[in-house]
Amino acid sequence: MSHHEWTDDQPIVSINNVHKSFGNLEVLKGISMDVMKGEVICIIGPSGSGKSTLIRCVNALNDIQSGSIKVEGLEVNDKDLNKLELRKKVGMVFQQYNLFPHKTALENIMMAPIKVLKQDRAEVEERARGLIAKVRLQGKEGAYPGELSGGQQQRVAIARSLAMSPDIMLFDEVTAALDPETVKEVLVTIKDLAEEGMTCMLVTHEMGFAKEIADHIYFTDRGVIVEHGPPATFFDKAEDPRTREFLSQIL
Amino acid sequence: MLEAFTEFFRQLADDYPRWNFIFFHEPRQWARIVKGLQHTIVLSFACVIFSVIIGVVGAWMQSSPSVWIRRFVQGYIQFFRNTPPFVQLLFFYFALGQFTPAVTGPDGWTQVPLISNIGWAIISLSFFAGAFNVEIFRSGIEAVPESTQEAASALGFSRLQTYTDIVLPLAFRVSLPALNNNLVNLVKTTTQAIAIAVPELLYQSVSIWSDYPSAQYPTMILLFFSFIFLVGILVFGMSRWERSMRIPGYGG
Ligand SMILES: Nc1ncnc2c1ncn2[C@@H]1O[C@H](COP(=O)(O)OP(=O)(O)O)[C@@H](O)[C@H]1O
Ligand SMILES: [Mg+2]
């Protein structure tokens, strides 16, 4: 394995011919993609096509059978991988928010920097309050997850990830469980992030949103990338019949 | 006032020979009860603490990636849960007790065992109740969604940090009713320490009624009330604790 320094003219995430199976079920069948620093990429595709599995592999929540995933030069598919190193670089937001129900919104945000990064509590709290403001939840610092709406919980989850100061954010259908009214508030938060230059990999069914913020769109079906391109060409000039069928159903 | 109280029970014993509440009118018997109560409280308190620790550690070990550690914990549970605690006490004290070293006693010349009979009772009963606590916590842990733990991993929490900071606090809340039951049983089971002559409340009571058969039923009644009181304190404490841990908007 090469240990030379990663520089930001190289892809920040580099996925190369990744294969992943659960038992006999092959879910990823040779996926490759490169993401540059500051880019926003969207992964779309039918349910079960392996989108979640793919982005979970990026922060080693799933392991892979073969291929390579490099995050800032760090090989994820390495038996001796220091997972903490990886997870400091990569934040993840889930469809079901997965907040810690016994902690308030503020505590949820503060927990990892204090426990994992051993940062100073007062400093972390100041930063956490800033993040609460950033996701527009002032006044909800002391609320428990069970007292917040889905959209509010999801914004706390985003702030919680950001508290670790990641370089890359993964979003796995983060609006899929939300009421239509609250979808927008979460999308606005993500858009703010993207505009600040955060590298984002999103799995989403919000096509309008993808078109608006993505630099590049990947369409996956049954474990392969069928087609990809920048939104302008992707949405208007999709060639593969599977892509066209999917888009016609969803748009 | 106290005079009238003792006089009443002395009179009662004269009038009804089977109802001799001897500990209420004879200071030496009262002293035995107090001593018994002290031992029962020490035993209960120590066993509650240690059995909960055993439960927490055992449940952690049960989620270990190592199959040998998991089998070891499973074997421990099977043994202590499926055999009588009375026999466990005897075995610990007599069979294992002979292997523990002796030390010189406080008088400077007698040899006393390093672990006293009370020590063995605490060890034995803690492992007995701990076996149930492991199972209780495990089912609490199973109620914590995998996805919550995954979120912790994604934030860089280690397996141990995830357990202590996220899984355990949530599992505890789920486990409390079952834990409550087991600890109540544990407090009552401390009476079995009589098997190895720990001078706890049952031991003292039996001594009293062997010496004074007329005091048998009254002493039993005292035993009932003492345990209702002790268990009452435990249950009260546990429900206070449960309330203090309740999370707004979460769970039932
Ligand atoms: N932990 C797992 N164990 C077994 N099969 C899984 C697991 N996770 C996902 N799968 C399977 O992998 C396939 C792809 O799933 P997923 O990546 O969640 O798809 P998508 O996010 O595109 O809907 C599905 O068939 C799913 O059932
Ligand atoms: Mg998915």
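This is a predicted model: local features need pLDDT of at least 70, side-chain atom pairs count only at pLDDT 80 or more; totals for chains, interfaces and linings use all residues.

Let me turn to the individual distances. The shell residue Thr53(A) has a side-chain N or O atom 2.5 Å from an oxygen atom of ligand 1. For Ser52(A), a side-chain N or O atom lies 2.7 Å from a ligand oxygen. On its own, ligand 1 has 560 Å² of accessible area, and the protein covers 57% of that.

I move now to the interface of chain A and chain B. The size of an interface is often given as the accessible area lost when the parts come together. Here the two chains bury about 1,800 Å² between them, with 68% of this on carbon and sulfur atoms. Which residues of chain A lose the most area to chain B? They are Phe100(A), Pro101(A) and His102(A), which together account for 29% of what the chain A side buries. In terms of contacts, 24 residues of chain A meet 20 residues of chain B.

Next, the polar side of this interface. Five residue pairs are in polar contact between chain A and chain B, counting pairs with both residues at pLDDT 80 or more. Four elements of chain A each supply at least two residues of the side that touches chain B: helix H2 (83–89), strand E6 (90–93), helix H3 (105–115) and helix H5 (150–162). Of that side, H3(A) provides the largest share, three residues. The residues there divide into 13 nonpolar, five polar and six charged.

Two salt bridges are found across the interface of chain A and chain B. Glu150(B) and Arg56(A) meet through their side chains in a salt bridge, at 2.7 Å from N to O.

Finally, over all chains, the structure holds 19 salt bridges. Within chain A, Asp63(A) pairs with Lys20(A) in such a bridge, the closest N and O atoms being 3.0 Å apart. Asp63(A) sits in the loop between H1 and strand E4 (66–71) of chain A, while Lys20(A) belongs to strand E1 (residues 13–22) of chain A, so this pair ties together parts 43 residues apart in sequence.

Key. Residues are numbered from 1 along each chain as its sequence is written. Chains are lettered from A and ligands numbered from 1 in the order in which they are written. Side-chain values use heavy atoms; hydrogens and water are left out. A polar contact is a pair of N or O atoms within 3.5 Å; within protein, one must be able to donate a hydrogen and the other to accept it, and residues adjacent in sequence count only if both atoms are side-chain atoms. Accessible areas come from the Shrake-Rupley method with a 1.4 Å probe; for residues, only the protein chains shown count as cover. Contact means heavy atoms within 4.5 Å. Buried area is the accessible area (1.4 Å probe) that two parts lose on being put together, summed over both. A salt bridge is a side-chain nitrogen of Lys or Arg within 4 Å of a carboxyl oxygen of Asp or Glu. Ala, Val, Leu, Ile, Met, Phe, Trp, Tyr, Cys and Pro count as nonpolar, Asp, Glu, Lys and Arg as charged, and the others, Gly among them, as polar.
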